[in-house]
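Welcome! Let us take a friendly walk through a protein model, from the whole chain down to a few side chains. Keep the picture open as you read.

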Amino acid sequence: MSEAVTAKSTVGPNGESFVLTNKAQSLANYPHARRVGGFIFVSGISSRRFDNTWEGVEELADGTFRLDIKAQTRAVLNNIKAILSAAGAGMEHLVDLTVFLVDMANYAEFNTVYNEFLDNAETGPTRTTVAVKQLPNPRLLIEIKATAVDPSARSA
């Protein structure tokens with residue numbers, strides 16, 4: 001059973017912002033997503049939970065962490081799905097993704113989970129995947145930024 005999405009929507013001069021009240025809050029002043037010009041722009045999303053813990057992170061007895069790229073990828077994509085839902089869209093409306101991986105050794109496992117969510121190259125979004133030195137927290141292996149077409153702006 002999926003969790004209900006609760007969001008605060010605010011319209012300003014740069015479009016409509018969406019801040020999900022039951023998802024991890026931004027670490028600075030930016031929304032989860034913004035609707036403008038027929039598109040929905042989703043901020044970079046990680047596997048961080050509302051309680052500021054992370055999916056795919058297990059703290060070991062010695063204080064180190066076991067990081068799971070599959071669990072983190074699944075959480076990121078589920079978070080994007082919830083954000084799009086709050087804006088009246090779905091994964092089928094994605095047009096472009098930018099994926100940030102800390103280690104390209106995780107590329108194949110990332111793709112395994114990605115393909116569970118977006119299973120058709122003909123209808124799926126374009127995608128760029130880049131390696132980055134680090135993300136805002138050392139427990140993170142992945143972050144994804146997304147752009148979707150706004151289904152409410154499409155002509156019939």
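Two residues are in contact when they have heavy atoms within 4.5 Å. Keep that meaning in mind for what follows.

## About the model

This is a predicted model, in which local features need pLDDT of at least 70, side-chain atom pairs count only at pLDDT 80 or more, and totals for chains, interfaces and linings use all residues. Residues are numbered from 1 along each chain as its sequence is written, and side-chain values use heavy atoms, with hydrogens and water left out.

## The overall layout

The protein has two helices and nine strands. Here helices (H or I, at least four residues) and strands (E, at least two) are DSSP runs, numbered from the N terminus. Read from the N terminus on, the elements follow the order β-β-β-β-β-β-α-β-α-β-β.

The protein has 156 residues, and 40% of them count as buried. Buried means under 20% relative accessible area, exposed means over 50%, and partly exposed lies in between (1.4 Å probe, protein chains only). Take the contacts in the protein with a separation of 6 or more: residues 24 or more positions apart account for 63% of these.

## The nonpolar core

A nonpolar core is a set of buried Ala, Val, Leu, Ile, Met, Phe, Trp, Tyr and Cys residues joined through side-chain atoms within 4.5 Å. The largest one here holds 28 residues, and V42, I80, L84 and I144 touch the most other members. Among the elements that each supply at least two residues of this core are strand 2 (15–20), strand 4 (39–45), helix 1 (69–86) and strand 9 (142–149). Helix 1 gives the largest share, seven residues.

Which residues does I80 contact, leaving aside its neighbours within four places in sequence? The partners of I80 are V42, I45, M91, I144 and A146.

## Strands side by side

Two strands pair if DSSP finds at least two bridges between them. Strand 2 and strand 3 (residues 33–36) run antiparallel and are joined by three bridges. One link to look for is E16, whose bridge partner in strand 3 is R35.

Strand 3 also pairs with strand 4, in the antiparallel sense, over four bridges. On that side, R35 stands opposite I40. Strands 3 and 4 form a hairpin with two residues between them, and G37 in the turn has a positive phi of about 60 degrees.

A pair of aromatic rings is described by the distance of the centres and the angle of the planes. Rings of Phe, Tyr and Trp (its six-membered ring) pair if their centres lie within 6.5 Å; planes under 30 degrees apart count as stacked, over 60 as edge-to-face and the rest as tilted. The whole structure contains three aromatic pairs. In one of them, the ring centres of Y107 and F110 are 6.4 Å apart and the planes are at 45 degrees, so the pair is tilted. Y107 is partly exposed at 34% relative accessibility, whereas F110 is buried at 0%.

F110 also pairs with Y114: the centres are 5.8 Å apart and the planes at 50 degrees, so this pair is tilted. Both F110 and Y114 lie in helix 2, four residues apart, about one turn of the helix.
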